[in-house]
2 protein chains.
Amino acid sequence: MKNQVTPWEVKGEVDYGKLIKEFGLEKIDKKLLERIKKNAGEVHFMLRRGVFFAHRDMNWLLDEYEKGNKFFLYTGCGPSGPIHLGHLQTWYFTKWLQDKFDCELWFQFTDDEKFLFKDKSYKEIQDWMYENMLDIIAVGFNPKKTHFLIDTKHAGLIYPEAIKVAKKITFSMVKSSFGFNESNNIGEIFFTSVQAVPAFLPSVLEKKEIPCLIPHAVDQDPHFRLTRDILPKLGHYRPASIQCPFLPPLTGNEGKMSSSESAKAILSTDNEKTVAAKINKYAFSGGKDTIEEHRKKGGNPDIDVSFQYLRMMLEDNDEKLAEIYRDYKSGKMLTSELKQITIEKLNFALKRHQQEREKARKQIDKFISI
Amino acid sequence: MKNQVTPWEVKGEVDYGKLIKEFGLEKIDKKLLERIKKNAGEVHFMLRRGVFFAHRDMNWLLDEYEKGNKFFLYTGCGPSGPIHLGHLQTWYFTKWLQDKFDCELWFQFTDDEKFLFKDKSYKEIQDWMYENMLDIIAVGFNPKKTHFLIDTKHAGLIYPEAIKVAKKITFSMVKSSFGFNESNNIGEIFFTSVQAVPAFLPSVLEKKEIPCLIPHAVDQDPHFRLTRDILPKLGHYRPASIQCPFLPPLTGNEGKMSSSESAKAILSTDNEKTVAAKINKYAFSGGKDTIEEHRKKGGNPDIDVSFQYLRMMLEDNDEKLAEIYRDYKSGKMLTSELKQITIEKLNFALKRHQQEREKARKQIDKFISI
């Protein structure tokens with residue numbers, strides 16, 4: 001299967017090395033990790049392990065930070081279904097950035113995008129947005145420094161800026177960036193200019209340029225490549241960005257976890273039994289066909305989805321992770337045992353998440369007060 | 001010159017008979033005029049003389065009106081330059097509709113459109129918008145029943161509805177409606193969905209369907225044809241509409257009066273001397289080359305621009321107009337005399353307009369309070 005990565009489609013096994021070249025990203029190197037450590041006091045395991053693997057202009061961002069010019073964070077959520085592990089992974093890292101760099105966070109809800117691109121009603125999207133907000137609050141972002149920006153509700157702020165971006169982007173440009181054709185609706189065509197706005201809206205509101213860092217899964221990169229081309233023409237900074245891959249779906253390393261195929265995804269609201277059943281039944285395994293063969297030849301953690309979840313988001317302890325890796329590879333650990341570890345880690349994280357999610361119902365207003 | 005009519009370009013001499021066919025409009029007939037008279041108590045001279053010459057669904061609108069379902073009016077202004085006679089003509093008629101049918105009027109300012117389509121800065125467009133508002137207020141619309149809807153300022157109301165329209169319109173559709181190509185910017189491409197919104201926004205706000213009538217110059221028709229196709233799919237009424245031609249520029253019956261060529265236009269702020277100079281110097285005449293020849297063979301009022309201004313908007317008395325027509329045609333009236341009548345009428349109207357325009361500076365807030 002040809003690999004294909006746009007904000008609306010991730011097909012096939014993704015070659016991240018190739019993506020770095022194609023998208024013109026920079027790999028995160030040791031020197032940058034040291035700089036981050038110097039400023040943040042630590043390096044998040046997702047950085048150490050190369051889960052967040054690429055960036056743009058992080059060195060410029062840290063130059064500014066070291067000069068005393070704080071940056072703000074911008075990330076987002078397209079509300080069209082339940083939240084899954086793939087979302088949480090990026091947001092856990094985003095929360096770490098907020099905590100360590102004491103950042104304002106602008107959280108965009110692209111309810112317009114999801115309405116325009118999906119065969120769903122306006123009402124359905126609004127309902128999902130409410131549900132998604134609960135998950136985002138549950139992640140633990142600082143309510144005093146986090147601003148929910150809703151594309152429809154806050155269009156009064158966004159649209160006047162979006163048209164300034166739109167004036168610089170032709171149909172040919174979105175055609176080549178997103179693979180659009182003449183059958184795309186005119187809202188879809190316009191949308192990328194809306195996604196550009198949070199990268200400079202705080203600067204407009206504060207009437208001074210503030211550096212911006214966008215942590216995001218790499219499929220959103222086509223938007224931000226365009227954004228980076230346009231913003232200097234409008235007198236704004238280019239946003240820096242830091243990219244992670246997609247968390248693989250349960251079924252293996254092709255495509256990305258997606259809530260529209262909920263059997264292939266662990267959802268934030270899945271209960272203990274469901275999590276266990278999904279991992280046991282679906283999680284693609286790097287183990288051998290029989291226990292005997294597994295004991296003899298060992299498993300392959302590199303393609304094992306349960307292991308990838310541990311590595312990418314659930315097990316922050318490097319030594320423990322290395323031990324699991326060795327034991328699974330040598331055959332000492334069976335697939336069922338590996339899955340059990342993942343299930344426990346997942347259920348531990350989700351139990352806490354679900355408790356926070358309930359409390360979040362009373363907190364939404366604090367986050368929408370722009 | 002091939003005739004061409006889109007919202008952004010009117011070239012050549014326009015064949016309105018052909019336009020009725022091409023655009024699928026209905027001609028305003030005697031029966032409809034009688035129905036309007038029955039309800040309004042009179043028939044405006046622009047209707048009697050066929051200046052407003054075509055319509056869509058006026059009979060349905062009057063059916064509803066006669067059942068007690070009042071309609072609202074929707075018209076607009078693209079703020080990118082000074083107001084000229086062509087604008088005032090449509091608005092005089094719109095005011096008459098508002099007065100006679102006791103209507104709410106939603107007045108859209110497409111500041112986004114003008115920013116997106118013109119080589120002008122955001123600031124320039126905002127400044128022109130303020131100036132244009134003064135002219136619109138000066139026309140005398142009822143401040144209690146007139147709502148200025150500004151595309152950027154009121155995007156919070158407009159954008160959530162515009163995306164519902166946009167989802168039903170593809171690039172192919174705007175390509176064929178407006179002659180767009182791949183070099184158009186993505187804001188231009190999206191814009192028609194914004195222009196559709198005022199036709200149903202009052203229904204959304206009131207949570208019940210209210211019939212809408214759009215009085216407009218015929219170049220805006222491609223927008224409203226699309227609007228009429230889409231609205232029933234969103235559960236809204238199709239707006240009715242009533243069309244006038246373009247007021248000809250001073251230089252003759254080709255194209256339309258436009259403020260971007262201000263030497264060819266009479267502006268709302270022109271003083272008495274300027275008006276006299278423009279009419280005397282530029283107004284295309286139907287007279288003969290010499291006074292002798294004119295006296296003998298007579299002039300042609302049908303191509304005389306001064307006469308057209310009298311007929312289309314300045315002389316409401318049919319008998320007086322007929323007398324001027326006869327006298328000019330017979331040669332009894334010279335071009336200089338005809339021009340003098342037009343100059344006096346214009347200066348009388350503009351003097352009053354300019355006085356009201358000054359008073360309007362203090363009234364703007366009343367009109368923007370949505």
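Predicted model: local features only at pLDDT ≥ 70, side-chain atom pairs only at ≥ 80, totals over all residues.

1. **The sheet of chain A.** Seven strands form an open sheet here: the 7 strands follow the order β3-β4-β9-β8-β5-β6-β7 in chain A, and their pairing is mixed. The edge positions belong to β3 (26-27) and β7 (146-150) of chain A; each has a single partner strand, so one side of each has no neighbour in the sheet.

2. How is β7(A) joined to strand β6 (residues 105-109) of chain A? The two run parallel and are linked by 5 bridges. Within this pairing, A:L105 has A:T146 of β7(A) as its bridge partner.

3. **Overall form of chain A.** Chain A contains 18 helices and 9 strands. Its C-alpha trace extends over about 65 × 45 × 45 Å along the principal axes.

4. **Burial and contacts in chain A.** Of the 370 residues in chain A, 50% count as buried. Among contacts in chain A with a separation of 6 or more, 76% are made by residues 24 or more positions apart.

5. **Two domains in chain A.** The domain assignment divides chain A into domain 1 (4-251) and domain 2 (262-358). Taken over C-alpha atoms, the centres of domain 1 and domain 2 of chain A are 28 Å apart. The contact between them draws on 19 residues from domain 1 of chain A and 22 residues from domain 2 of chain A.

6. **The domain 1 side of that contact.** Which elements of domain 1 of chain A give two or more residues to the side that touches domain 2 of chain A? They are α5 (85-101) and α7 (122-138) of chain A. Of these, α5(A) gives the most, with 4 residues. Sorted by class, this side of domain 1 of chain A comprises 13 nonpolar, 4 polar and 2 charged residues.

7. **The contact between the chains.** Chain B meets chain A through 28 residues of chain B and 28 residues of chain A. On the chain B side, at least two residues each come from α6 (111-117), α8 (155-166), α9 (171-178) and α10 (186-196). The largest share of that side, 7 residues, is supplied by α8(B). The classes represented on the side of chain B that touches chain A are 14 nonpolar, 9 polar and 5 charged residues.

8. **The sheet of chain B.** Chain B has an open sheet of 7 strands in the order β3-β4-β9-β8-β5-β6-β7, with mixed pairing. Its edges are β3 (26-27) and β7 (146-150) of chain B, each with a single partner strand, so one side of each is left without a neighbour in the sheet. Strand β4 (residues 54-56) of chain B pairs with strand β9 (residues 240-244) of chain B in the antiparallel sense over 3 bridges; B:H55 stands opposite B:I242 there.

9. **Strand β5 of chain B.** Is strand β5 (residues 72-77) of chain B enclosed or open? The strand is largely enclosed by the rest of the structure, because 6 of its 6 residues are buried. In a regular strand, side chains alternate between the two faces of the sheet. Both faces of β5(B) are covered: B:F72, B:Y74 and B:G76 are buried on one side, as are B:L73, B:T75 and B:C77 on the other.

10. **Neighbours of that strand.** β5(B) pairs in the parallel sense with strand β8 (residues 212-217) of chain B over 2 bridges, and B:F72 has B:C212 as its bridge partner in β8(B). A parallel pairing of 5 bridges also joins β5(B) to strand β6 (residues 105-109) of chain B, where B:Y74 stands opposite B:W106.

11. **Two helices of chain B.** Helix α16 (residues 318-330) of chain B has 13 residues and reaches 18 Å from its first C-alpha to its last, close to the 18 Å expected at 1.5 Å a residue. Just after α16(B), B:G331 adopts a positive phi of about 95 degrees. Helix α9 of chain B holds B:S176, which is exposed, with 12 other C-beta atoms within 10 Å. Between B:S176 and B:P222 there are 9.8 Å from C-alpha to C-alpha, although they are 46 residues apart in sequence.

Note on methods: Residues numbered from 1 in each chain as written. Chains lettered and ligands numbered in written order. Buried ≥ 20, exposed ≤ 12 C-beta atoms within 10 Å, placed from the backbone. Contact = placed C-beta atoms within 7 Å. Expected span 1.5 Å × (residues − 1). Domains from an automatic or database assignment. Nonpolar A, V, L, I, M, F, W, Y, C, P; charged D, E, K, R; others polar. Pairing = 2+ DSSP bridges.
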